[in-house]
2 protein chains.
Amino acid sequence: MQSRTPAARTGRPRSAAADAAILAATRAALVELGWSKLTLGDVATRAGVAKTTLYRRWAGKNELVVDAVAELFDELELPDRGSLAADVEGVVLQFAAILARPEAKSGLMAVVAESTRDAALRARIRGSIVERQMRLVLEGRARAQRRGELALEGDPAEAARTGELIFDMVAGAVVHRTLVSGNQADEEWVRGFTRVLLLGLTAPSA
Amino acid sequence: MQSRTPAARTGRPRSAAADAAILAATRAALVELGWSKLTLGDVATRAGVAKTTLYRRWAGKNELVVDAVAELFDELELPDRGSLAADVEGVVLQFAAILARPEAKSGLMAVVAESTRDAALRARIRGSIVERQMRLVLEGRARAQRRGELALEGDPAEAARTGELIFDMVAGAVVHRTLVSGNQADEEWVRGFTRVLLLGLTAPSA
DNA sequence: GGCTTTCGCTACGAGTCGTAGCGTAATGGC
DNA sequence: GCCATTACGCTACGACTCGTAGCGAAAGCC
């Protein structure tokens with residue numbers, strides 16, 4: 001991150017420890033207070049830094065929470081579990097575990113809501129959170145196509161559309177189950193979801 | 001709504017016109033300002049009522065926006081279009097049209113985010129928004145089962161689980177497509193979605 | 001007409017926002 | 001080792017919003 005700005009390499013450098021402390025304090029505040037009652041002054045106090053330091057690095061609450069929540073998604077990975085169904089179940093369970101955390105619940109949806117009126121914020125969310133998830137989905141699909149479980153699209157545009165569709169269906173279902181319906185996306189639910197995603201509703205029941 | 005409270009029928013009645021004006025003003029403020037910059041004082045001014053009147057009827061911003069957004073979903077209906085696929089496409093397009101409105105985008109997600117830390121608010125959202133959508137899904141499924149397009153579940157618990165799963169998949173995909181991915185759920189997308197929902201990813205491409 | 005509740009209005013303390021100004025601390029260049 | 005430059009902690013500030021209290025007037029039911 002520092003090497004992104006080769007200019008201005010003189011002067012006292014910014015404390016990396018302060019960055020980590022601020023983001024951790026933001027997550028703690030999200031857990032205890034939730035999005036609406038989280039104040040930047042409180043976060044600064046928790047992190048042991050001055051409020052002005054916080055404002056020097058982030059434009060506001062939105063950007064700060066995006067960065068704080070984005071770190072939660074670092075643990076997402078997609079090991080080869082041998083079949084498309086197993087891969088889907090694995091990544092969905094990981095995603096559900098992250099969304100089960102209170103700091104993700106209250107923080108993520110709030111910034112998404114704000115992003116509907118802020119293009120820069122939308123781009124930030126896309127770059128630091130959504131794109132990473134999307135890449136996992138595309139990798140899982142490519143893997144399944146190599147196994148012969150999924151057909152290869154001839155048209156590149158069609159392939160892109162299908163990739164986006166799968167992504168929205170997977171992530172959307174988990175988010176909706178967790179945040180709107182208010183239920184946990186446990187193993188039983190994930191099995192049922194994967195079955196419908198791969199075979200469709202019209203497939204005969206197990 | 002008035003008949004719900006048979007007690008306290010004496011004194012000056014509350015103005016129903018004020019209710020409508022306040023909810024309309026709330027939606028207008030959501031469009032112009034978005035969730036975070038919406039203030040109750042501003043809504044009261046727009047509606048032509050005193051701020052105190054607003055506080056007498058709603059506990060706060062969360063409850064007010066839920067009621068204001070809930071009215072948008074009054075137009076949802078599910079006419080029999082002859083097949084399960086057509087029914088799904090129809091209701092998804094209606095849902096997408098509502099979510100495309102700016103007042104729905106910024107308001108709905110924000111209150112859902114708040115509801116992760118407020119059980120009463122969660123119940124309010126469920127009762128006035130989510131349950132109505134859920135009923136449409138269950139009706140569409142029952143209709144498809146009558147047509148013979150979907151199998152009948154023997155176990156009632158299994159039937160309930162499947163109903164919830166379908167609901168989360170349908171609503172979640174549209175919400176995610178619209179708000180997170182930031183794309184429009186147009187007819188082409190809805191066709192692709194319906195195909196995957198009914199036939200599964202592994203079905204051969206058209 | 002009298003009782004009851006709502007209404008519009010004003011005012012208030014409390015809390016948060018984002019910024020400015022200051023002196024100090026930590027670097028790299030010379 | 002000194003200096004320019006940048007980051008830091010701290011304090012203070014005006015502006016804004018919040019949610020509530022108190023008041024007199026209005027609008028219904030008996």
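How far apart do the C-alpha centres of domain 1 of chain A and domain 2 of chain A lie? In this predicted model, the separation is 28 Å.

## Domains of chain A

The domain assignment divides chain A into domain 1, residues 14–57, and domain 2, residues 70–199. Where the two meet, domain 1 of chain A contributes 6 residues and domain 2 of chain A contributes 6 residues. On the side of domain 1 of chain A that touches domain 2 of chain A, 4 residues are nonpolar, 1 is polar and 1 is charged.

## The annotated segment

An unreviewed UniProt entry records the feature "domain: HTH tetR-type" at residues 16–76 of chain A. This span is 77% helix and 0% strand, and its end C-alpha atoms lie 24 Å apart.

## Relation of the two chains

The same surface serves both copies, since 100% of the contact residues of chain B recur in chain A.

## The contact between chains

Chain B and chain A each place 46 residues in their contact. On the chain B side, at least two residues come from each of helix 1 (16–37), helix 6 (102–115), helix 7 (119–147), helix 8 (156–180) and helix 9 (187–199) of chain B. Helix 8 of chain B gives the most, with 14 residues.

By residue class, the side of chain B that touches chain A comprises 24 nonpolar, 12 polar and 10 charged residues.

Key:
Residues are numbered from 1 along each chain as its sequence is written. Chains are lettered from A and ligands numbered from 1 in the order in which they are written. This is a predicted model: local features need pLDDT of at least 70, side-chain atom pairs count only at pLDDT 80 or more; totals for chains, interfaces and linings use all residues. Two residues are in contact if their C-beta atoms, placed from the backbone, lie within 7 Å. UniProt positions are given in the numbering used here, feature names are shortened, and annotations may be inferred rather than shown by experiment. Helices (H or I, at least four residues) and strands (E, at least two) are DSSP runs, numbered from the N terminus. Domain bounds come from an automatic or database domain assignment. Ala, Val, Leu, Ile, Met, Phe, Trp, Tyr, Cys and Pro count as nonpolar, Asp, Glu, Lys and Arg as charged, and the others, Gly among them, as polar.
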